[in-house]
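Let's take a walk through this structure, starting with a sheet and ending at the ligand.

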Amino acid sequence: MSFDKFSDTLLRGSNRRQMMVWFGSSALLLMLSFGYWQLDQQRDFIYRVTNERALAISHEISVSTKSWALAGDLAGLQEVLLGFNEAQDIQRAYFVDPHGQVLASTNPDEIGLFMSDKISLDLLASKSSEEIVLADQKNYIAVAHPVMAGQRHVGWLRVEMSRDSANANIEAIKIAWRNFTISAVLLVVAISLLLSRKLTNGLNHLVQVATEVARGKEEARAKILSQDEVGVLAHYLNEMLDTLARQKGELLVTSEALRDSREGFQSLLNTMAEGMYEVDTDGNCIFVNEAFLHILGYQNRDEVIGKHIHELIHHHRADGSMYPASECKMYRAYEKQEEINVADEVFWRKDGTQVPVEYWSHPIVKEGVLVGAIATFIDITERIRAEQALRESESKMRDIVENAPFGAHLYELMPDHSLIFVGANNAATSILGLDHQQFIGKTIEEAFPPLIDSQILDAYRRVASTGVRFETEQFSYDGDKIHSVFEVHAFQTGKNRMAAFFSDVTERKRHEEQIHLLAFYDALTKLPNRRLMNDRLSQTIAVSKRSGTYGALMFLDLDNFKPLNDSHGHAVGDSLLIEVANRLKICVREMDTVARFGGDEFVVMLSELGEDKVAATALARIVTEKILAKLAEPYVLKAVDEHGVDTIVTHHCTASIGIVVFNGAEAKQDTILKCADDAMYAAKDSGRNTIRFFELDGVLAS
Ligand SMILES: Nc1nc2c(ncn2[C@@H]2O[C@H](COP(=O)(O)OP(=O)(O)OP(=O)(O)O)[C@@H](O)[C@H]2O)c(=O)[nH]1
C-alpha cells in the first residue's frame, strides 16, 4: 500500500477512524514533544548535577591533597587520590604540578609523566583560581581545580569522569517516558474510540438508513436514539424521506399520466391515416409515424431518421426533373415561419416510384426561434383518379344534358335570395326559342318575366338552399313566343346551386285530358258517364256515412224516344238528348251530378239533403217533379229532311223517373243503383211520365 493510499485510508475513512487517528497522532505528537523537551531538561539537569559532582569531587580532592602537595609528600598525595579510585564514575583523577608533571594519579602508571596535550598546556598557562570544566561531553566530563597556596598555584587537580550513571539514568527516564507515551497514546486512542463510537453511533445509523434508501429500500427510516443534534438530524432525515416518498408517488402518478398521454399521443400519431414527419432546422428527419413508412414503403424508422428528408423523398418533381432543396416550397415556408399547403407535388417511395401527395407543413417555433417543422401528407392517387373519373363523368353528363330532349336551366342562389341564371342546354334554347346567352348573370325574374310572382320561384329557392327536390305536375308558361305547359324537375347541384329540367307537355296534357274526357264523360252530352257517376256515388255514400246526411239517386228514362229517331233521324235524337242533358243540369245544384248512362237513360244524384229522411225525401220529390216538368216542355229541334233541307221539329217528350233516398250507413252502392233502376221501371210500368220512390228494402214508396 502506498503512503498516499495509506494516508488516504487513515485520514478520509470513517469519522471514527479519523477521530482515532487524529486523537492518537495528536496525543503521540504531544507526548513525544513534551517527552523530548522533558528529556532534554532532565538530561541538562543530570549533566549539570554530574558536572557539579565532578567539580565537587575535584574540590574535595584538591582540599584533601593541598596539604600533601605543599608538604611535598607524593605518597600521601597518591594515597588521597587512590581513596577516590572507587568513587562512582571516576575514571581518572590526578594531580599535576604547575609544570605539567603528574605527581599523583588514580592511575599510578602515569605518575611522573608530563601533560603535553593542548588542553593541559592551556590549563597550565592559565592562572585562574577557579575550577575549570575542560571537557563536557555526552559520556565524559573533565574538570580541573586549582590547588592554591594563598595566591600561588601549587598545581591542578584534574578529575575525569564518565557519565555512565547519568546516561543510565537518562536511559531509564527515556524508557519510562516511552512506556508512559505508549500507554498515554493507547489510552487516548481507546478514549477516542469510545468517544467516537458514542458520537458516531447515531451518525452511522443515519448513514446505514441512507444507504438502505439509496439501495432501494425506500421505506427504511431512522430510529431517533437521542435528543441531541443527531436525533434532530434523524427526525429531519425521516421527514425528508417521507416528503421524497410522497413526491415520488406524485411524480409516479404524473409520469404515468405523462407516459399514458405520450403513448396515447404516439398511438394517435401512428393510427393517423396521414403520413407525418418532423425535421430539424437542417432538414434532417427526427420523427416519422407509421403512415409515413407505409405510404413511402419503408420497413422501419431507422431507414429514415437522421436523413435529409428532401433528399430522401422529395428530390425530383413529378416530371422527373431535379427538385433542389433550395427551391422546395416547404423549406421556403420554414424560413418564413409560414404554414403551407401544396397539392400538386410528388414524394418518392423507397423503391423509386413516385406518389402524388397533398402536404401541409407547419414550422415549429420556440420562444421566437425556428427549431424545426412538422409536415403531414396524404397519398392523393385515389383522389386524382376520382377527380379524373369525375371530370370524365361530368363531361359525359354534360354531353347527355346538352343533347337531352328536355330543357335544363342552371341557377345560383345569391345571399340576397335572388336566383341568378347561369346556363342552359341546347334543348332549353329550342324549346323556349330563346337565346339563353343573353340571360346569363341575370335574375330569374329578368330572364323569364312570366315567372314573376310564380310559386315556382320560391320552390326553386328552397331547392337551391335545402336540397329538397321539387317536381311540378304541370306548369303553365305564357311567354312572348311560347304558351305551353311544362313539367319541371328541380334539384340541387351544389351548395346554393340548382338545376331545373323541364319538358313541354302541352300536347301530352291535351291528350290526357281527351282520354280523361272519353273515359269519364259521355261524348254526346258531355255529361259524366256511368263510370264517373259510380265514382261520385261512392264518394257521396262515404260522405253520407260519415255525416249522416241523406242523398237521392234518380234513374230517368225518356218515354218513347225511339220514334223520334225513327221518324226524324238519329241526329235529331242526339239533339234531343243534348237538350235533355242541359235541362237536367239546370234543374239541380252545382254539387249534384247529372250523368248519362247510355241511350236515353240518365241518372241524377242529389247529395247533402239533410239528416232527416222525410225532409230529404220531400226535397228529392220537389227536384224530381221540377225535372219532370222541365223535360215535358216542348223541344224545338233542327232537322234535315230527305232533300237536305233544314227543318224545325217540335217534339214533346216525357220521362219516367225512379228515385231512391239513401243514407250511406244504410245501404250499399249496388243496392241503391238497383232500387233506383227498379223504381224507374216501376214508373214505366205505371204508364210513364211519372215518378216512383223505392225504399231500399225494395218496398214501393208513395
Ligand atoms: N239518337 C240516338 N238514339 C239513341 C242513342 N242511343 C240509343 N238510342 C236509341 O234510343 C232508343 C231507346 O229505346 P227505348 O228506350 O228502348 O225505347 P223508347 O222508345 O224510349 O221506349 P220506352 O223507353 O219504353 O218509353 C233506341 O231506339 C236506341 O237506338 C243515341 O246515342 N242517339
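In what order do the five strands of the open sheet come? Keep in mind that this is a predicted model. The order is β18-β19-β17-β22-β23, and the pairing is mixed. At the edges sit β18 (593–598) and β23 (691–694), each of which pairs on one side only. Ignoring direction, neighbouring strands in this sheet are turned by 20° against each other on average.

Zoom in on β17 and β19 (residues 601–606): these two pair in the antiparallel sense over six bridges. One spot to look up is leucine 553, whose bridge partner in β19 is methionine 605.

| Helix | Strands touched | Angle between directions |
|---|---|---|
| α17 | β17, β18 and β19 | about 155° with β18 |
| α19 (residues 669–685) | β17, β22 (655–663) and β23 | about 150° with β22 |

So much for the sheet; now for the ligand. Which residues come nearest to the ligand? Of the 14 residues around it, those are Asp559, Phe561, Lys562, Gly573 and Gly599. By type, the shell divides into four nonpolar, five polar and five charged residues.

Where in the fold does this shell come from? β17 (550–558), α16 (562–568) and α17 (570–587) each supply at least two of its residues. The largest share, four residues, comes from α17.

Note on methods:
Residues numbered from 1 in each chain as written. Predicted model: local features only at pLDDT ≥ 70, side-chain atom pairs only at ≥ 80, totals over all residues. Near = placed C-beta within 6 Å. Nonpolar A, V, L, I, M, F, W, Y, C, P; charged D, E, K, R; others polar. Pairing = 2+ DSSP bridges. Axes fitted to C-alpha atoms, helices over the stretch in contact; angles between N-to-C directions. Contact = placed C-beta atoms within 7 Å.
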